[in-house]
Amino acid sequence: MRPVTPPAARAALAAVAALATLSACGGSPATDSAAGQGGGGAKGAVTIRIPDPGNAGVLARGKQDGSLDRALAAVGAKVAWTGSAGPFAPAAQAMNAGRLDIATGSITSGITSLSQSPGFAFFTATAPDPVGEGILVREGSDIDSVEDLVGRKVAVNKGGTGEYLLLKALAKAGVPADKVERVYLRPDQTAAVFNAGQVDAWAVWSTYAVAEIGAGKARFVADGTAIGSDNYSLNAVRSGFAKDHPEVVKALYAYLHDNSAKEKRDPAAYLNVFTDAGPTAVNGKAREVQISFTGKAGTVDPIRPEDIRRFETVAQFYADQKVTPHKVDIADHLLDIEKLS
């Protein structure tokens, strides 16, 4: 994990293979049947439904080497992979509908999802990505600063990481938001539009930035550090699952925490987990870029009071920018993993 996010470097990395549709997040009927109703499973084992991690990241490694299975088996649980990791919004809807137990996303996409009768809570925090997210422009572009975006078109995903990064960058630079045209696009549809010159810039995170930068086609005009991003990556759990199986949530947290630290120390070991060829593989310069980004990213940690203050700042910013109709109350949707019982 780490998208999610969005959102978010490690969760996003796990989602390189594909973006989920709502039905994909829910899994196939056969998968859901095998998982059992309400996250239950056969022979007394608790089944926890998680989006398939693809070819990279902590969960992909755990799936490949069996270490995640062993960690969950120690608390009487097993994993069912449902669909593919992708955007948080459809995953949140799947959790609300009882079809998914765990998802990853950014605090920005989390806030917009929390404004819609959520049936989930966040239980981990990963610090904002300092170098893997930002405002991307094509190589050769005459855009050299955020101020140069005035009068330009910038691709963003509505209500998520992209829109947040653009609005945050503009606010920091003192540029009125209405001086820049936001072009709302799904992230998986944006690369072609960006490379065709139909937009001038792309507010994006590492999942998509790595390929563009690695191919020598683009550069950040401002990254997460320059923007002052508070865009945490978070893991969410279906509220009913957390209530019924707190020991499983704690075991999953411990696994993610320990292994995200290992990934940060040795990012290469968590790339191309199942295959080093094909569309899900990261090779060449892009591999170097991803290794650099992951080595500078955060780890999966408990949600601390200082994190909550920054979440609240994002919620207030979204309300001020009219992304949400009012300030979303985040505190009621956070779990203290160290006190969960």
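How many salt bridges does the count come to? Please go through some of them, residue by residue.

Analyst: The count comes to 13 salt bridges. Keep in mind that this is a predicted model. Side chains of opposite charge can pair when their charged atoms come close.

Start with R238 and D101. They form a salt bridge, and their closest N and O atoms are 2.8 Å apart.

Now check how covered each partner is. The cut-off for buried is under 20% relative accessible area. R238 has 12%, so R238 is buried. D101 has 0%, so D101 is buried too. The pair also belongs to a network: salt bridges link R49, D101 and R238.

Next, take R186 and D188. Their side chains meet in a salt bridge, at 2.6 Å from N to O. R186 has a relative accessible area of 48% and is partly exposed. D188 is also partly exposed, at 37%.

Finish with E288 and K285. Their salt bridge spans 3.7 Å, N to O. Both residues belong to helix α14, which runs over residues 284-296. They are three residues apart there, so about one helical turn separates them. K285 counts as partly exposed, with 48% relative accessibility.

Technical notes
Residues numbered from 1 in each chain as written. Predicted model: local features only at pLDDT ≥ 70, side-chain atom pairs only at ≥ 80, totals over all residues. Heavy atoms only, no water. Salt bridge = Lys/Arg side-chain N within 4 Å of Asp/Glu carboxyl O. Buried < 20%, exposed > 50% of the residue type's maximum accessible area, 1.4 Å probe, protein only. Helix = DSSP H or I, 4+ residues; strand = E, 2+ residues; numbered from the N terminus.
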